[in-house]
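Visitor: I have some time to go through this one with you. Could you take me through a few strands, a helix and whatever else is worth a look?

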Amino acid sequence: MHKMNRRQRDFTVKCIGLVSCIFIVVFLLSYLTSGKNSELSDSYEYDNPFQVVDNTKKKQFDIKQHFQNVIQNPLGIKQHVQNIIQEVLPQQNEPTESSSPDGYRYPPDWEALDKRPLPKWFDEAKIGIFIHWGVFSVPSFGSEWFWWRWKGKEAKHKIETKAFMKKNYRSNYTYADFAPDFTAEFFNATEWADIFKKSGAKYVVLTSKHHEGYTNWPSAYSYSWNALAIGPKKDLVGQLGAAVREKDLKFGLYHSLYEWFHPLYLRDKRNNFKTQDFVRAKTLPELHELVNVYKPDIIWSDGEWEAEDTYWNSTEFIAWLYNDSPVKETVVTNDRWGKSIRCKHGGFLGCNDRYNPGILQKRKWENCMTIDEKSWGFRREANLNDYLTIEKLLQTIVETISCGGNILINIGPAHDGTIAAVYLERLSQMGEWLKVNGDAIYFSVPWNFQNDDVNQHVWYTRRTIDDNVSVYAIALKWPHNNKLQLAGPITGDNTNVTLLGYNTPMKWTADPSGGIHIDIPFIPYKEMPCKWAWVFKMSGLTNS
């Protein structure tokens, strides 16, 4: 056999390499341009060309081809949906023992479900931490809606998002290409839980899946578009849930019902939501999987606004949650279960993002809000003035609790699992304040007044400890000349006034027309109990 010299070998290798490159380029061009007129790109600039693993069959396949097959083979998807229903969804003939003392089972209708008593832990807890974390944390530009802003039809902020991608990434970059960089290498669930515990929060709600469809747990229904298969290679939900509960905090899960670019959802949408292939193959199996595996204390639903609750099978799922699930006695749900349901039905009302009505509500509600006023996810381009000051954060907390709400305070970790210093500072400051003034917050209930009539910077709460009723006046600004005038409290012979953290009783006088004047003594700086939002505790009021 003729033996090639070194020069010939090098030439041969280069030729093979060149031919391979040409083949790959041709393949990719053919791949990326194929299906432009198919249903996959109908109204959307869909892109998801990456290898995934079907966890149920343990084999690789191309997700684009898979989705195309799903669309072109409706009989196949019907069988797949039926298999999921049989394997995952609860069967009607397998009820468990009812959690109600009289054996009552909640039927799947809102009138009945709304009467289910809210587990008391939720109202007592008052303060929670919200965490938006996912693949969107990698580009970390604009907001957690990055993919939609980039590829969604008629999306807001599309021009600047496309400009960002053109400047910083290659032309054929896809959203899926961000996933491997969602590394979470500095994520330490125990450290996070310790931060949340010291903040004074009593529950934590983690994003299990945002509208991008990527799951932060190894879902069998998200193929390899999940945190164990690609990116962190960790079960983020499982790790954080275990660590949070070690700190005696409640653990909840935010879960988006819909996904922006999932073909089954887009097909259901084109069918005016008269079909439910996406719900039966994706949404409901994922929800049941989360509940059965992680046993969350809260199911915080979102992404419901395009379809009615009947499309999502919301009442059926919640009835199962209240009747037969492993968390039936303790779980809490919100109100985002259909486009006509928000602020009307559910376990507690959230109504809108950053909902803070400023007046007492008839039903239990929650104010989900952000420390970064412009985004729920981490943003690298954020400026310091985009973040709430501690004064503004405490004001929002106080207003919310005074009006009977809970507050869910959002942070956005970075792709590597770090939490930005500004978030850490706010949470630390909040914990410092609650350590002194927590008696006015936890276990409290609304008083006769929320905001004082003559002092707009004062908000009230009430609490009963060992049959002793106390009213708390929370002053967001230090009283002028150390004199605090309040219209709400009506004094009696046994009225006593103290400043939380400074137990020396304070002198007061009754206002002839009602109310109280409190004379605050000089308090040395080193003895001042806190730096912001001072709480005056009043006992022995005749209208407490």
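Guide: Let me begin with one pair of residues, keeping in mind that this is a predicted model: serine 256 stands opposite aspartate 302, which lies in S6.

Visitor: How do S5 and S6 pair, and over how many bridges?

Guide: Strand S5 and strand S6, the latter made of residues 298-302, pair in the parallel sense, and five bridges link them.

Visitor: And which strand is joined to S5 over six bridges?

Guide: That is strand S4, residues 203-209, which also pairs with S5 in the parallel sense; within that pairing, lysine 209 has histidine 255 of S5 as its bridge partner.

Visitor: What unit do S4 and S5 make with helix H9?

Guide: S4, helix H9 (residues 236-246) and S5 make a β-α-β unit, and its hand is right-handed.

Visitor: Why is S5 described as largely enclosed?

Guide: Strand S5 spans residues 250-256, and six of its seven residues are buried, so the rest of the structure largely encloses it.

Visitor: Switching topic: is asparagine 406 buried or exposed?

Guide: Asparagine 406, which has its place in strand S9 (residues 405-411), counts as buried because its relative accessibility is 0%, where the cut-off for buried is under 20%.

Visitor: What polar partners does the side chain of asparagine 406 have?

Guide: A polar atom of that side chain lies 2.7 Å from the backbone oxygen of phenylalanine 122, and a polar contact, also given as 2.7 Å, joins the side chains of asparagine 406 and lysine 364. Leaving aside residues up to four places away in sequence, asparagine 406 touches a number of others, among them Tyr203, Trp365, Glu366 and Thr400.

Visitor: Now a helix: which residues of H7 are buried?

Guide: In helix H7, residues 158-168, the buried ones include Lys158, Thr161, Phe164 and Met165. They lie on the same side of H7, because they cover an arc of only 125° around the axis. Ile159, Lys166 and Lys167, on the other side of H7, are exposed.

Visitor: What covers the buried residues of H7?

Guide: Helix H6 (146-151) is included in what covers them.

Visitor: Last one: what is the strand order in the open sheet of three strands?

Guide: The order is S12-S15-S14, with antiparallel pairing. Strand S12 (483-486) and strand S14 (507-510) are the edge strands, each of which pairs on one side only, and neighbouring strands of this sheet are turned by 20° against each other on average, with direction ignored.

Visitor: How many bridges join S14 to S15?

Guide: Four bridges join S14 to strand S15 (residues 516-519), and tryptophan 508 has isoleucine 518 in S15 as its bridge partner.

Notes
Residues numbered from 1 in each chain as written. Predicted model: local features only at pLDDT ≥ 70, side-chain atom pairs only at ≥ 80, totals over all residues. Heavy atoms only, no water. Buried < 20%, exposed > 50% of the residue type's maximum accessible area, 1.4 Å probe, protein only. Helix = DSSP H or I, 4+ residues; strand = E, 2+ residues; numbered from the N terminus. Pairing = 2+ DSSP bridges. Right-handed = clockwise from strand over helix to strand, strands pointing away. Polar contact = N/O pair within 3.5 Å; in protein donor to acceptor, adjacent residues only side chain to side chain. Contact = heavy atoms within 4.5 Å. Arc of directions from axis to C-beta. Axes fitted to C-alpha atoms, helices over the stretch in contact; angles between N-to-C directions.
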